[in-house]
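Please walk through this model with the coordinates open.

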Amino acid sequence: MEGMSWRTACCLSVLCAVLLLLRPAEGIRFVIDREECFSHNVEYEGDTVHVSFVVIKADTPWHYSEEGVDLVVKDPNGGQVRDSRDKTSDKFEFIVQKRGVHRFCFTNKSPYHETIDFDVHVGHFSYFEQHAKDEHFAPLFEQIAKLDEALYNIQFEQHWLEAQTDRQAILNENMSRRAVHKALFESAALIAASVIQVYLLRRLFERKLGTSRV
């Protein structure tokens, strides 16, 4: 019977690992005007909350600024837990002191609408404590819980890096567009100046020829 239990445990661990690998990274992408708040329920004190955000783009391709946005995190009692000021991207974590609904409020100081990629993940090792009743299974479930957290941390980091890549790609595209428009404008101005110069030279020669004939 003990051999069957360990075999079953191995199958469960493999199944959990496969399900974890298939689970996509969570996160939202939204447009903010002045202020936007989100709520997230944390069920246990002592949990670690991972937070990341990236300002992807503004609503106009001609706007580029490093002013960033403000993010303030408040606990269920309204007390401030963490804040991030005037940043275009940030990534941090904090330990939950009071379980309950936490609020994440963004403030945009720019006159333009900003697109923000926002991600929150709560790390909690509870699976083996709540379900493991056999002393042989407790270490296995603990390792599964730690593997769950490690895999999601990797996905959390990848999501943040992808958002950073998206922001940089949009900035590069906007800068290239502005460079092309600037080059076209300068070329048009140069052509116009050349045409004016040719016109003025012709008028000058025509006047000189008219004066010499007289």
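Asp90 and Lys87 form a salt bridge, with their closest N and O atoms 3.5 Å apart. The term salt bridge stands for a side-chain nitrogen of Lys or Arg within 4 Å of a carboxyl oxygen of Asp or Glu. Asp90 counts as buried, at 13% relative accessibility. Lys87 counts as partly exposed, at 34%. Here buried means under 20% relative accessible area, exposed means over 50%, and partly exposed lies in between (1.4 Å probe, protein chains only).

A word on the basis of these values. This is a predicted model, in which local features need pLDDT of at least 70, side-chain atom pairs count only at pLDDT 80 or more, and totals for chains, interfaces and linings use all residues. Residues are numbered from 1 along each chain as its sequence is written, and side-chain values use heavy atoms, with hydrogens and water left out.

Asp90 has another partner. Its side chain makes a polar contact with the side chain of Ser84, at 2.7 Å. A polar contact is a pair of N or O atoms within 3.5 Å; within protein, one must be able to donate a hydrogen and the other to accept it, and residues adjacent in sequence count only if both atoms are side-chain atoms. Ser84 lies in strand β5. Strands (E, at least two residues) and helices (H or I, at least four) are DSSP runs, numbered from the N terminus. Ser84 is buried, with a relative accessible area of 2%. Leaving aside neighbours within four places in sequence, Ser84 is in contact (heavy atoms within 4.5 Å) with Phe53, Val69, Asp70, Leu71, Asp90 and Phe92.

Asp86 is also in β5, which spans residues 80–87. Its phi is near 50°, a positive value in a residue other than glycine. Asp86 is partly exposed, with a relative accessible area of 41%. A network of salt bridges links Asp86 with Asp70, Asp83, Arg85 and Lys109.

The structure holds eight salt bridges. Two of them share Arg29. Asp117 and Arg29 meet through their side chains at 2.9 Å, N to O. This pair links distant parts of the chain, from strand β8 to strand β1, 88 residues apart. Asp117 is buried, at 5% relative accessibility, whereas Arg29 is partly exposed, at 44%. Arg29 also forms a salt bridge with Asp166, where the closest N and O atoms are 3.1 Å apart. That pair links β1 to helix α3 (residues 137–213), 137 residues apart. Asp166 is partly exposed, at 30% relative accessibility.

Now the core. The largest nonpolar core has 18 residues, and Phe104 and Phe106 have the most contacts inside it. Such a core is a set of buried Ala, Val, Leu, Ile, Met, Phe, Trp, Tyr and Cys residues joined through side-chain atoms within 4.5 Å. β1, β3, β4, β6, β7 and β8 each supply at least two residues. The largest share, four residues, comes from β3. Not counting residues up to four places away in sequence, Phe106 touches residues including Phe30, Phe53, Val69, Leu71, Ile116 and Phe118.

Last, confidence. The chain averages a pLDDT (the predictor's confidence in each residue, from 0 to 100) of 77, and 73% of the residues score at least 70. Over residues 17–25 pLDDT stays under 50, and the model has 13 contacts there beyond four places in sequence. Residues 127–132 are below 50 too, with ten contacts beyond near neighbours in sequence. Where pLDDT is low, the predicted coordinates should not be read in detail.
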